[in-house]
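Here are my notes on this one, as promised.

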Amino acid sequence: MNPPLHGIRVLDFGQYVAGPAVALLLADLGAEVIRVDPPGGPRWASPAAAALNAGKKSIVLDLTRPADVATAHRLVAEADVVVENFRPGVMARFGLGPQDTLALNPRVIHLSLPGFAENDPRRDLPAWEGIVLAATGGFTDMGLNRILMGVDPSYTPLPLASAYAAALGALAVGVGLVARRRTGHGDAFEVPLAEAVLEGLAFNSLAVSDLPPRYLSLREHEIARRRAAGEPMDLTYAQLQELLDPFYRSYPCQDGRLFYHCCPAHRTHAVRSLRLLGIWDTVRAEGIPTVDPYLSTDRWPDGADCTLLAYPLSARWTARLSELIAAAFLRHPAREWERRFDAAGVPGAAHRSSLEWLRSEHPRAAGLVATVDDPVHGELTVPGPVVWAEGTPPGRRPAPALDADRAAILAALPAAPPEPSAPPTDPSAAPGGLPLDGIRILDVTNVIAGPMIGATLARFGAEVVKIDPPTPGFDPYHTVVVGMHAQRGKRSVLTDLRTPAGREVLDRLLPTVDVVTFNGSERQLGELGLDPRRLRDVHPGIVLVRVDAYGGPGHGPRSHAAGYDDNVQACTGVMTRFGGGPDTPEEHAHLGTIDALAGFCGAFAVVAALAGRDGPAPVTRTSLAAAGQLLQIPFLFDGAGRDELREPAGRDVLGEHAGYRCYPASDGWFFLASPTHAGPTDAGPTDAGPAKTDPANPGSADAVAAVLGLDADASQDLLATRFRERPVEAWAELLGPHGIAVHRIEHIAALRSRGLVRQSAGPVPLRGSAVFVRHDRHPSGREVDLVAPQAIRPRYAAVRMPSDAPRYGAHTREVLAELGFTSAEVEAMAAEGAIADGWTADHTYLPT
């Protein structure tokens with residue numbers, strides 16, 4: 001069976017991370033990718049760039065030469081997809097802008113990934129990764145820990161904007177290919193990095209009015225207390241640990257290595273963890289509350305100040321459980337605990353650095369990493385696919401030598417140059433509308449990554465039916481509050497698929513749907529009646545997309561292990577880097593860093609499978625681990641000299657070097673990005689800032705020093721002193737004409753305040769900059785602030801605002817009636833507990 005994008009030809013003009021990563025994602029699902037580089041090769045000479053170019057073909061074109069521009073035009077005429085990530089207008093200089101490529105080839109899907117949108121006043125600002133993150137709150141809203149430690153700004157070396165934009169860009173291409181099957185016409189999509197990162201950090205900006213105190217963690221209560229009392233945020237790392245929930249904390253083990261104990265909020269995980277640690281009998285004897293978390297607190301028994309079945313725990317039980325758990329972990333080494341947790345089906349992970357992860361057994365066996373013979377760097381270990389079709393053999397083809405495929409590429413082109421053709425007709429007459437209109441998705445997922453698939457696709461017209469069990473597996477925070485974003489655009493049905501009646505509901509639903517999305521193990525698929533063979537028996541063309549924690553194309557010792565975003569952060573090196581070392585790991589941001597990315601990748605897997613659906617559709621997959629590797633792409637390689645490369649890490653780091661760093665001005669902080677090398681087309685960078693892993697980047701601030709009238713070897717301390725003398729805008733005006741980018745470091749709360757529109761005021765603008773929506777008619781009865789779904793901007797296809805996340809079970813009877821169940825049958829199913837209308841007796845949206 002061919003992968004879904006077999007036969008699709010992609011032209012990759014991208015540089016740095018976002019563009020090449022989109023093309024790599026397309027290649028992972030079978031597309032042929034021709035990489036077009038300028039003379040001298042990729043601007044980013046890091047081994048990480050070799051990882052992004054794995055398996056592609058290479059041709060060098062100098063777009064300042066008319067003959068090479070003509071060759072590029074001929075390539076476009078034969079392509080299905082064009083990917084570029086330059087500033088708006090740059091590709092148009094060479095006759096390769098979106099309007100140009102659609103004129104050359106009306107069936108082409110053109111993807112642009114600028115730092116800032118075409119209609120953004122900052123469109124011409126050199127949008128290095130750090131500039132984009134400064135503009136979108138990426139250096140300020142980095143989690144509750146950093147707030148309490150008073151670390152603001154808080155630099156991250158991870159290319160968050162580029163990774164989110166890459167996944168959303170691949171999704172945009174897939175949506176365009178699906179629409180093309182119906183219309184025969186191509187489209188142009190813009191995915192600005194600034195808007196992509198806001199969607200990736202959506203759970204950091206989610207705000208709910210009058211959220212009951214039971215949903216606030218000890219850290220949030222302490223932040224509120226200190227702000228009210230006017231006390232500084234000055235906790236030490238050690239002091240901070242006392243405020244961490246015992247099921248969201250790192251514990252030292254017998255061998256000194258830390259183990260991340262992250263298994264909260266689930267109906268069974270916490271209890272199974274305490275049993276495994278040998279302390280359940282003690283905890284139960286001491287009377288820990290196990291109240292149903294879907295009861296409002298006014299119905300809790302006397303003395304119950306929390307429940308073990310919900311996050312967060314009270315201060316009293318946090319202290320006691322942390323004491324008992326810490327003592328238990330000292331009985332075994334960290335990796336022995338990891339083995340035991342995996343065997344028991346309880347999420348947990350030993351902390352590792354990224355290099356330890358790359359060199360460990362599981363990612364190699366699972367095909368999450370592969371070793372290639374790179375033509376430039378020699379033997380190199382690089383990430384495996386982020387998204388793959390089941391049955392894909394593990395491994396990677398290396399990146400090609402520069403210009404290695406020129407002769408073959410040119411020989412395959414038609415002898416005559418293409419005749420110019422008319423551009424697509426006016427949008428009013430050309431194909432438009434919602435590209436996934438008529439596509440029906442059955443969503444059998446939970447928490448964040450899985451639900452984000454359907455919520456993301458709903459904006460393009462997909463109808464999503466969400467199934468959850470009548471007895472919830474997770475607590476109200478992780479289902480209802482998080483679901484206010486992750487469950488948008490869906491109808492909600494509660495039915496137990498493990499019962500005969502629930503299986504009958506499933507059997508009637510499956511023939512009506514095009515796609516099933518699921519996050520969990522193969523074993524769980526079978527238990528729920530979602531085994532791929534059974535699905536194809538019921539509906540041969542059905543698409544199944546699966547997300548799990550540690551899966552890859554092959555099978556490793558942790559392939560079936562349970563895990564959350566935080567567990568994957570811990571074992572792949574994200575926490576060790578962010579915290580500054582193995583003894584002080586920290587979660588990167590505080591909700592959904594990897595989850596959101598995996599959800600976007602899963603959404604791409606859906607549309608890729610739909611775009612290539614001419615027969616039985618392969619099962620397409622992604623995993624949190626695979627997405628977490630993409631998020632770390634500048635650092636996730638191994639080869640000669642890798643041990644000596646220093647990485648920016650820890651809470652005190654403000655940047656990569658003096659020319660790429662956060663600085664304080666007289667009126668606040670800003671990020672400065674100085675160019676270190678010019679590209680042959682003078683297009684300017686768009687997505688990845690200079691990195692010490694890039695041997696072509698000298699890491700100097702000479703240009704900045706020259707403009708300021710300082711010696712070329714001026715230290716960053718001297719630069720910081722000078723920058724404190726004037727406001728941010730003054731430095732932007734002075735340095736901007738010299739190609740040195742400056743942007744004020746924003747807070748998400750400030751962006752939300754400035755860009756907030758009320759849902760009740762009318763249609764939400766979906767092509768603005770940093771637009772947030774106050775859902776003031778929300779079914780919860782509260783005002784809910786969410787980022788607008790505006791990162792993907794098609795020229796012709798439509799995008800809609802998804803409907804508000806419904807109350808769980810709100811559509812159970814409606815959907816069952818559509819499936820032909822009689823009222824009597826529905827009542828009988830409800831009486832036996834096979835279906836339900838809600839998770840609370842009074843059908844409350846959010847228990848208080």
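Before the points, one term: buried means under 20% relative accessible area, exposed means over 50%, and partly exposed is in between (1.4 Å probe, protein chains only). This is a predicted model, so local features need pLDDT of at least 70 and side-chain atom pairs count only at pLDDT 80 or more, while totals for chains, interfaces and linings use all residues. Residues are numbered from 1 along each chain as its sequence is written, and side-chain values use heavy atoms, with hydrogens and water left out.

1. Start with D403. Its relative accessibility is 25%, so D403 counts as partly exposed. The residue lies in the loop between β13 (387-389) and α18; helices (H or I, at least four residues) and strands (E, at least two) are DSSP runs, numbered from the N terminus. Phi of D403 is near 65°, a positive value in a residue other than glycine.

2. A770 is another one to look at for its backbone. Its phi is near 50°, again positive in a residue other than glycine. You'll find A770 in the loop between β25 (756-758) and β26 (772-775), and it counts as buried because its relative accessibility is 11%.

3. Two cis peptide bonds deserve a glance. One joins D152 and P153, with omega about 10°, and P153 sits in the loop between α6 (144-148) and α7 (160-183). Another joins Y311 and P312, with omega about 0°; P312 is in the loop between α13 (280-285) and α14 (315-329).

4. Now strand β16 (residues 490-495): six of its six residues are buried. K490, S492 and L494 point one way, R491, V493 and T495 the other. In a regular strand the side chains alternate between the two faces of the sheet.

5. What does β16 pair with? Strand β15 (residues 463-468) runs parallel to it over five bridges, where pairing takes at least two DSSP bridges between the strands. From β15 the chain crosses through helix α20 (residues 476-486) to β16, and this β-α-β crossover is right-handed (with the strands pointing away from the viewer, the path from the first strand over the helix to the second runs clockwise). Strand β29 (residues 835-836) is joined to β16 by two bridges and runs antiparallel. L494 stands opposite D468 and also opposite A836 in β29.

6. There is also an open sheet of three strands, in the order β11-β12-β20, with antiparallel pairing. β11 (369-374) and β20 (638-639) are at the edges with a single partner strand each, so one side of each has no neighbour in the sheet. Within β20, D638 is the bridge partner of T381.

7. Leaving aside neighbours within four places in sequence, R359 is in contact with R364, D638 and D643 (contact: heavy atoms within 4.5 Å). R359 counts as partly exposed because its relative accessibility is 40%.

8. Last, helix α3 (residues 66-77). Its buried residues include D68, V69 and L75, and the buried set packs against β1 (9-12), β3 (57-60), β4 (81-84), α4 (98-104) and α18 (406-411). In the loop between β4 and α4 lies N85, which counts as buried because its relative accessibility is 1%.
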